[in-house]
Amino acid sequence: MSKKILVTGGLGFIGSHTVVALQEKGYEVVIIDNLSNSSLEVLGGITKITRISPEFENLDLRDKQAVNHFFDKYPNIEGVIHFAASKAVGESVQNPLLYYENNLNTLVYLLQQLKEREAPKFIFSSSCTVYGQADELPITESAPVKKAESPYGNTKQIGEEIISDTCKVVPHLKAISLRYFNPIGAHPSANIGELPIGTPQNLVPFITQTAAGKRDELSVFGNDYPTPDGTCIRDYIHVMDLARAHVVALERLLDDEHNGNYEVFNLGTGKGNSVLEAIKAFEKVSGQKLQYRFVDRREGDIIVAYADTTKANDVLKWKAEYTIEDAMESAWKWQQKLEEKSKSEE
Ligand code: WQD
């Protein structure tokens, strides 16, 4: 009998790729998504890849009763991977209460349900944002968590504390927080990928939309940073590597291999690339010259962040395998698929 796993936000970018990875490992998946930042078409994309249509519940985790009813309806959930959250840094500054309600109340309601169960396993989607601008590079899990630069980042920090505090008094709750660096790319089949609604905030969807002619040019936010080429450095990790890491982390809990009942892991490649290097990687794999212009720095941007991946490599026995070129190639293939689709719908 295959184990049933709940994936909240399972129609989102990282969530959908993780659903595919779970199904391919033989898990039964139930998705909760309120479609606020995704679309039902993603369910079709997942099914096209795995030929298995996950169960889907369109519900809002801010509705405590709905969360409780969900767990009554699905008493045999063996693990939860929790992606559902708002994640736009800039929007969180403008609308902090939306972020504190949507990212934290929902976490509390889920944990209140899980602590009543026999052997709950919980994977939390966290972010390298918790480190702010780290003083030491590469960044290890023991790097100090600094004052968040945005309500979004604060919800990730507080979320980790909520889980850690709960695990201290609920010994049968086993949890892992995964701190992502910069997720990019798409499934190689181009059936699922990043679906930014409106103007993309993140670098790679803006690059691919510019190359597709949907944007006139990419604005590079600052080239006067203290880095080799003056642009910011990030650890860009392929979403396929990230999805696989979620399955590995979940299985660590299901197989009772964890140390203590709460652990934290960085998920990155361990390599930093500047914005200009990311652009060059895209131009190389797409054969397209990208239109871009240097503009002022973006408020709140940190200068450099890339992961020390020793802990995930040694403890999870997981290592990122794809390169930034692989990720750019898959992102471009996905963008071209989106363009074909929108042309056919005109
Ligand atoms: C990357 C680099 C920009 C857009 C954020 C969140 C993080 C995670 C990933 C959710 C920076 C530059 C970007 C553009 C640019 N999100 N850039 N022009 O800010 O590192 O991380 O998204 O979990 O938590 O903080 O990612 O892709 O926005 O920016 O020059 O149009 O690209 O200045 O140097 P970021 P990003």
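Modeller: Helices (H or I, at least four residues) and strands (E, at least two) are DSSP runs numbered from the N terminus. This is a predicted model, so local features need pLDDT of at least 70 and side-chain atom pairs 80 or more, while totals for chains, interfaces and linings use all residues. Residues are numbered from 1 along each chain as its sequence is written, and side-chain values use heavy atoms, leaving out hydrogens and water.

Biologist: OK, which hand does the crossing of H1 and H8 have?

Modeller: H1 covers residues 13-24 and H8 residues 239-254, and their axes (lines fitted to C-alpha atoms over the stretch in contact) are 8 Å apart at an angle of about 60°. That makes H1 oblique to H8, oblique being what is left once under 35 degrees is roughly parallel, over 145 roughly antiparallel and 65 to 115 roughly perpendicular. The crossing of H1 and H8 is right-handed.

Biologist: How do the residues of that H1 contact with H8 divide into nonpolar, polar and charged?

Modeller: Contact means heavy atoms within 4.5 Å. H1 brings Phe-13, Ile-14, His-17, Thr-18, Ala-21 and Leu-22, and H8 answers with residues including Val-239, Met-240, His-246 and Leu-250. Asp, Glu, Lys and Arg count as charged, Ala, Val, Leu, Ile, Met, Phe, Trp, Tyr, Cys and Pro as nonpolar, and the others as polar. For H1 with H8 that comes to 10 nonpolar, three polar and no charged.

Biologist: How many of the residues of helix H7 are buried?

Modeller: Buried means under 20% relative accessible area, exposed over 50%, and partly exposed in between. Among the buried residues of H7 are Leu-203, Phe-206 and Ala-211, and the cover includes strands E7 (182-184), E8 (218-221) and E10 (236-238) plus helices H9 (275-286) and H11 (324-345). H7 (residues 203-211) is therefore largely enclosed by the rest of the structure, the buried count being nine of the nine.

Biologist: And at what angle do H7 and H11 pack?

Modeller: H7 passes H11 in a right-handed crossing. Val-204, Pro-205, Ile-207, Thr-208, Gln-209 and Ala-211 of H7 touch Met-328, Ala-331, Trp-332 and Gln-335 of H11, which by class gives seven nonpolar, three polar and no charged residues. The two helices are oblique to each other: their axes are 10 Å apart and the angle is about 50°.

Biologist: Which residue follows H7 with a positive phi?

Modeller: Its phi is near 85°, and the residue is Gly-213. Compare Arg-51, a residue other than glycine with a positive phi near 65°, found in the loop between helix H2 (41-50) and E3 and exposed at 69%. Asp-256, also not a glycine, has phi near 55°; Asp-256 sits in the loop between H8 and strand E11 (262-267) and is exposed at 51%. Back to your question: the one that follows H7 is Gly-213.

Biologist: Now charges. With which Glu does Arg-62 form a salt bridge?

Modeller: A salt bridge is a side-chain nitrogen of Lys or Arg within 4 Å of a carboxyl oxygen of Asp or Glu. Arg-62 is partly exposed at 29% and meets Asp-60 at 2.6 Å, N to O. Arg-62 also has a partner 3.9 Å away, Glu-101. Since Arg-62 lies in the loop between strand E3 (55-57) and helix H3 (64-73), this pair ties together parts 39 residues apart in sequence, the other end being in helix H5 (residues 96-114), at Glu-101.

Biologist: What separates Asp-165 and Lys-168 in helix H6?

Modeller: Those two form a salt bridge, with the closest N and O atoms 3.4 Å apart. Asp-165 is partly exposed at 43%, whereas Lys-168 is exposed at 62%. Being three residues apart in H6 (residues 151-169), the pair is separated by about one helical turn.

Biologist: How many salt bridges does the count come to?

Modeller: Some of them join up, with Lys-4, Glu-28 and Glu-55 linked in a network. By the rule above, the count comes to 20.

Biologist: Last one: what is omega near for the peptide bond from Leu-137 to Pro-138?

Modeller: Pro-138 lies in the loop between strand E5 (121-127) and H6. The peptide bond is cis, with omega near -10°.

Note on methods:
Axes fitted to C-alpha atoms, helices over the stretch in contact; angles between N-to-C directions. Left-handed = near helix turned anticlockwise from the far one by under 90°. Buried < 20%, exposed > 50% of the residue type's maximum accessible area, 1.4 Å probe, protein only.
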